[in-house]
Amino acid sequence: MSMKIVFDNFWLAFIVVTVLNAYIFKYRSRKYVAENPELESGYKKIFKAVLIYGNVPWIIMGIGNLTELTNSMLDFFRPRTLNPTVLVFHISIICLWILMARWVFFQNGAEFLAKHPGLIAFRGFGYSGDITSPATIKLFFILTLLGGAAGLTMMWVMDIPVIHH
C-alpha cells in the first residue's frame with residue numbers, strides 16, 4: 001500500500017474512531033440508563049451530537065481529498081497556504097469550539113454532562129473515574145480547549161514541510 005493512499009484516506013480513520021468512540025460511550029451509558037431510565041433521552045442526544053458534530057471536520061477533510069482540492073491530510077497541518085478547504089476545516093473546528101463553549105458555560109451543558117456521566121472520564125493523579133462535577137467539567141473543557149488552541153496555533157505559525165507524493 002502506498003503512502004499516498006494512506007494520506008489521501010486518513011480522514012476515514014478519523015471518522016471510524018469518532019464513530020467507535022460514540023458507540024463505546026453508548027455502551028458505557030447503558031449502566032446509567034439501567035439505574036435511571038429517565039436519562040436515556042439525554043444519552044441519545046449526546047450520542048447523536050458526537051456522531052454528527054464530531055465528524056464535521058473529517059468530512060470536510062474527506063471532501064478536500066476526494067475532490068483533490070487538497071493533496072493529502074498533510075495539507076491540513078499547513079493553514080498558512082490559505083487553501084480554502086483547509087481554511088474551512090480550521091474554521092469548522094473553531095466554530096465547534098465556540099458552540100461547545102456556549103453550551104457548556106451558558107446553556108447548562110456542564111450540568112447536563114454531570115447528570116449524564118460516562119462521556120468525560122479522567123485517569124491520573126490518583127483519580128480514576130467519570131467527571132460528574134459541573135465545575136470540573138468546565139475546567140476540563142477549558143484545559144482541552146487551551147490544548148487544542150495551542151495545537152491549532154502551532155499549525156499556523158510553524159513552517160511544516162510539505163511532502164509531495
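1. Thr70 is buried, at 4% relative accessible area (buried: under 20%; exposed: over 50%; partly exposed in between; 1.4 Å probe, protein chains only). The model is predicted, so local features need pLDDT of at least 70 and side-chain atom pairs pLDDT 80 or more, while totals for chains, interfaces and linings use all residues. Residues are numbered from 1 along each chain as its sequence is written, and side-chain values use heavy atoms, leaving out hydrogens and water.

2. The loop between helix 3 and helix 4 holds Thr70 (helices are DSSP runs of H or I, at least four residues, numbered from the N terminus). Leaving aside residues up to four places away in sequence, Thr70 touches Gly64, Asn65, Asp75, Phe76, Asn83, Thr85 and Val86 (contact: heavy atoms within 4.5 Å).

3. Helix 3 spans residues 56-66, and its buried residues are Pro57, Trp58, Ile60, Met61, Gly62, Gly64 and Asn65. After helix 3 comes Glu68, with a positive phi near 60 degrees.

4. Helix 3 packs with helix 4 (residues 84-106) at about 175 degrees, the axes being 9 Å apart (axes are lines fitted to C-alpha atoms over the stretch in contact; angles run from 0 to 180 degrees between N-to-C directions). The two helices are therefore roughly antiparallel (angles over 145 degrees). Val56, Pro57, Trp58, Ile60, Met61 and Gly64 of helix 3 make the contact with Thr85, Val88, Phe89, Ser92, Ile93 and Leu96 of helix 4.

5. Val157 lies in helix 6 (residues 134-157) and counts as exposed, at 57% relative accessibility.

Definitions and conventions
Parallel < 35°, antiparallel > 145°, perpendicular 65-115°, else oblique.
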